[in-house]
Amino acid sequence: MANSMKIGVNVSGVSELLAVLKQLPPAIEQKVLAAAVSVPARKMAKAARGFIETATRGKGTLAKSIDFSTRRMASKGLVMSLVGARRGASAINEQGVKVNATRYAHLIEYGHAKRNGAGTVAARPWLRPAITQAQFFITNDIANGLQLGMAAELRKLVKKNNKQGVKLV
C-alpha cells in the first residue's frame, strides 16, 4: 500500500459487541476482528477502483492495483485494514517506461505541480470519496461481521467441547 497517503477512519457504535468479544480467547478475538474489518475494506477498495476509473477515464495501472490488506497486531490488540495501491503493481506506459502505481497514486488524489514548472495538475480524488461513501456502511458491516464471526467461533468451541451434550441455539 502507498505509504505517502494516510487517511484514517474511526469506527464507533459497536462497543457492546466488542465487550462480548473481549471475553473470548485473544487468538479468536483477533481472528473475528480481522474478518469483520475486511468486509468494509473490500467494499471501500471496490468503490475506490470505481472512483479512479472515473477520475482517469479508464482502467489503468492504478485502478488495477487498488486492493486492501488486513493486518493483525496481537501485541497491541489491534486489527486494521489498509486500502490503497498495492506495492509492485506496475505496467509499461506509452513511452516504454515501467511505472509503479504507488509512486503516483497520491499525485492523482491531491494534484501536483507540472514537471516543467508551468502550472499545476488538478486533483482527481479517488480515495477520499470512497472513504466518505464507506462511512455509511462501515459500522453496520463491522457489527454484522462481529456477530457472524462470534457465532461461528462459539459454534466451533461448543462442537470441540461438546462432552456434556451442550447445544448452541
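1. Basis. The model is predicted, so local features require pLDDT of at least 70 and side-chain atom pairs pLDDT 80 or more, whereas totals for chains, interfaces and linings use all residues. Numbering starts from 1 along each chain as its sequence is written, and side-chain values rest on heavy atoms, with hydrogens and water left out.

2. Elements. The protein contains 6 helices and 6 strands; these are DSSP runs numbered from the N terminus, with helices being H or I of at least four residues and strands being E of at least two. Read from the N terminus, their order is α-α-α-β-β-β-β-α-β-β-α-α.

3. Burial and surface. Of the 169 residues, 33% count as buried, that is, under 20% relative accessible area with a 1.4 Å probe, protein chains only.

4. Nonpolar core. The largest nonpolar core holds 36 residues, and Leu62, Trp126 and Leu146 have the most contacts inside it. Such a core is a set of buried Ala, Val, Leu, Ile, Met, Phe, Trp, Tyr and Cys residues joined through side-chain atoms within 4.5 Å. Elements that each supply at least two residues include helix H1 (15-21), strand E1 (66-73), strand E2 (78-85) and helix H5 (127-134). H2 gives the most, with 12 residues.

5. Leu62 and Thr61. Leaving aside neighbours within four places in sequence, Leu62 is in contact (heavy atoms within 4.5 Å) with Ile52, Ala85, Ala101, Tyr104, Ala105, Ile108 and Trp126. Thr61 is found in helix H3 and is buried, with a relative accessible area of 16%. Not counting residues up to four places away in sequence, Thr61 touches Ala89, Ser90, Ala91, Val99, Ala101 and Tyr104.

6. Helices H2 and H6. The axes of H2 (residues 26-55) and H6 (residues 138-160) come within 8 Å and cross at roughly 145°; axes are lines fitted to C-alpha atoms over the stretch in contact, and angles run from 0 to 180 degrees between N-to-C directions. Among the residues making this contact are Val32, Ala36 and Pro40 of H2 and Ile142, Leu146 and Gly149 of H6.

Notes. Buried < 20%, exposed > 50% of the residue type's maximum accessible area, 1.4 Å probe, protein only.
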